[in-house]
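Subject: Structure handover

Hello,

Here is the structure you were expecting, with notes on what was found in it. Please read the notes with the model open.

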Amino acid sequence: RFIAKPCAINLGIQDSGPHRAQPNAILEKVFTSITKSPDGKRLEGLSKQLDWDVRKIQRWFRHRRNQDKPTTLTKFCESMWRFTFYLSIFFYGIRFLWTAPWFWDTRQCWYNYPFQPLTSRLYYYYILELAFYWSLMFSQFTDIKRKDFLIMFVHHLATIGLITFSYMNNMVRVGTLVLCLHDASDFLLEAAKLANYAKYQRLCDAFFMLFGVVFIVTRLGIYPFWILNTTLFESWELIGPYPSWWLFNGLLVTLQILHIIWSYLIVRTAYKALVRGKV
């Protein structure tokens, strides 16, 4: 409200919504109670009832559907908030992990487990991430609805489950690696969205392509061969099949499945962008 909105206005993004449909009680009742996209038979019935042309009624429903869509300014503000958080928490994580021995040798995640100290920096890193994903879990019902709503809901559940579960079981060392890895690409996607809303097309394309490369390298390369390798194999070798091994790795594999789905969507978007010449 006090930072993102002024930035958007300075970039020329207006707080004006789409064309509003003219008030009509009958059509409004159909729109809210029956259907937002009436078929041909219903359109004919409404045409006779209102003495309107079918095309005029179709235009009314189109305007009414667009009326519920968020403005570009709203989307810009949401993306700027997420960009700020993802960028800040990523650099916090990198700065913290750079001096951590398990960042360079994942077997350190399991030495002397579960009797590993919980430092204040590690604690705050975990609590910040958990608080953020809980906020996303609740706000996704009021935020801008997107096509991947269900996938994001599953992702938030798995993420909150992993953060809470790993904290309770003192698996925070490997947990920090998972968190930092996931934050590495998220801020690039939000940067691409910001550039798109501000109509900086070349910058948007560059950020999106960079995001795609970082996402695929981290989620389909580093994650399975670095994270899953240590949770599935190194942990089994060093501390054995601990009671929660199956649940912990089940959640991590669920994330990997989501990574594959998203990677497919990213590659498809990148292909379409190359064909059209822009994202």
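Some terms first. A helix axis here is a line fitted to C-alpha atoms over the stretch in contact, and angles between axes run from 0 to 180 degrees between N-to-C directions. Helices (H or I, at least four residues) and strands (E, at least two) are DSSP runs, numbered from the N terminus.

This is a predicted model, in which local features need pLDDT of at least 70 and side-chain atom pairs count only at pLDDT 80 or more, while totals for chains, interfaces and linings use all residues. Residues are numbered from 1 along each chain as its sequence is written, and side-chain values use heavy atoms, with hydrogens and water left out.

Helix packing

Helix H10 (residues 201-239) packs against helix H11 (residues 245-276) at an angle of about 160°, and their axes are 10 Å apart. H10 is therefore roughly antiparallel to H11; angles under 35 degrees count as roughly parallel, over 145 as roughly antiparallel, 65 to 115 as roughly perpendicular and the rest as oblique. The crossing of H10 and H11 is left-handed, a term used if the near helix is turned anticlockwise from the far one by less than a right angle (right-handed if clockwise). In the contact of H10 with H11 there are 22 nonpolar, 8 polar and 1 charged residues. For these classes, Ala, Val, Leu, Ile, Met, Phe, Trp, Tyr, Cys and Pro count as nonpolar, Asp, Glu, Lys and Arg as charged, and the others, Gly among them, as polar.

H10 also packs with H9, at an angle of about 165° and with the axes 8 Å apart. That makes H9 roughly antiparallel to H10. H9 and H10 cross in the left-handed sense, and their contact has 22 nonpolar, 7 polar and 2 charged residues.

For H7 and helix H8 (residues 149-168), the angle is about 150° and the axes are 10 Å apart. H7 is thus roughly antiparallel to H8, and the crossing of H7 and H8 is left-handed.

Record annotation

The unreviewed UniProt entry carries the annotation "transmembrane region" for residues 83-103, 123-142, 207-226 and 246-267. UniProt positions are given in the numbering used here, feature names are shortened, and annotations may be inferred rather than shown by experiment. In the model, residues 123-142 are 85% helix and 0% strand, with the end C-alpha atoms 29 Å apart. Residues 207-226 are 100% helix and 0% strand, and their end C-alpha atoms lie 26 Å apart.

Cysteines

How many disulfides does the structure hold? It holds 0, a disulfide being a pair of cysteine sulfur atoms within 2.5 Å. The closest cysteine sulfur to that of Cys7 is in Cys77, at 8.8 Å, which is too far for a bond. Cys204 is in no disulfide either, and the nearest cysteine sulfur, again that of Cys77, is 18 Å away. Cys7 is partly exposed, at a relative accessible area of 30%, and Cys204 is buried, at 3%. Buried means under 20% relative accessible area, exposed over 50% and partly exposed in between (1.4 Å probe, protein chains only).

Backbone points to check

Most residues other than glycine have a negative phi, and most peptide bonds are trans. The peptide bond from Tyr113 to Pro114 is cis, with omega near 5°. Pro114 lies in the loop between helix H6 (101-104) and helix H7 (120-139).

Asp51, which is not a glycine, has a positive phi of about 60°. Asp51 sits in the loop between helix H3 (40-50) and helix H4 (54-67) and is exposed, with a relative accessible area of 70%. Lys199 also has a positive phi, near 65°. Lys199 is in the loop between helix H9 (172-197) and H10 and is exposed, at 71% relative accessible area.

Two buried residues

Trp110 is in the loop between H6 and H7 and counts as buried, at 2% relative accessibility. The C-alpha atoms of Trp110 and Met171 are 8.4 Å apart, and the two residues are 61 apart along the chain.

Ser235 is in helix H10 and is buried, with a relative accessible area of 0%. Ser235 and Thr35 are 200 residues apart in sequence and 53 Å apart from C-alpha to C-alpha.

Regards
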